[in-house]
Amino acid sequence: MGRVKQSGRQSCLTRHCSGPGPSTGRRARYHPRCPFRRRPLKASTLVEVIVASVVFLTIFAISLHTLTRLSVNPREGEMFAEVDCLLRSTFREYADGRHDEGKYTREWERGEITVVVAPYRDYGNLQEITVSTVVNRKRIEYKHIIEFANE
């Protein structure tokens, strides 16, 4: 009971089989292919755990440093809000459709604003207006398509 003979081999049907030989009564022996046989646990050594911890903490520190560099500090946020307002007001000045095609520049305290008025593709009554500036090595650019003012 508990073992079935299949083509000359014994296979386990119960959790505690006695293996190929007689049981000693103390400990159950498992059949060599029994899925429930006890296998020795593989543990990590202290050195492996310390090395893994150091690697994990190093990766965490690098990612935390990168994350803080990517976030915008409050002063930059205020500056970008100011630049956004300035670019939008500049766009409103050129969005009336009365400006000729070409490149226009305006000076402001932190640099230069460039306005490019160009025809939009093959449409005769549309213009593309590009308003751009560079702040802290970051290019900020707005593109709009407007309709000509018919005179």
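## Basis of the model

Because the structure is predicted, local features need pLDDT of at least 70 and side-chain atom pairs count only at pLDDT 80 or more, while totals for chains, interfaces and linings use all residues. Residues are numbered from 1 along each chain as its sequence is written, and side-chain values use heavy atoms, with hydrogens and water left out.

## Overall make-up

The chain contains two helices and six strands, arranged along the sequence as β-β-α-α-β-β-β-β. Helices (H or I, at least four residues) and strands (E, at least two) are DSSP runs, numbered from the N terminus.

Of the 151 residues in the chain, 20% are buried (under 20% relative accessible area, with exposed over 50% and partly exposed in between; 1.4 Å probe, protein chains only). The chain exposes about 12,200 Å², of which carbon and sulfur atoms supply 55%; accessible areas come from the Shrake-Rupley method with a 1.4 Å probe, and for residues only the protein chains shown count as cover.

## Strand β5 and its partners

Strands pair if DSSP finds at least two bridges between them. Strand β4 (residues 111-119) runs antiparallel to β5 and is joined to it by six bridges; T130 in β5 is the bridge partner of V116. Ten bridges join β5 to the antiparallel strand β6 (residues 138-147), where R139 is the bridge partner of V134.

## The two hairpins

Six residues lie between the strands in the hairpin of β4 and β5, where R121 takes a positive phi near 45°. The hairpin of β5 and β6 has two residues between the strands, and N136 takes a positive phi near 50° there.
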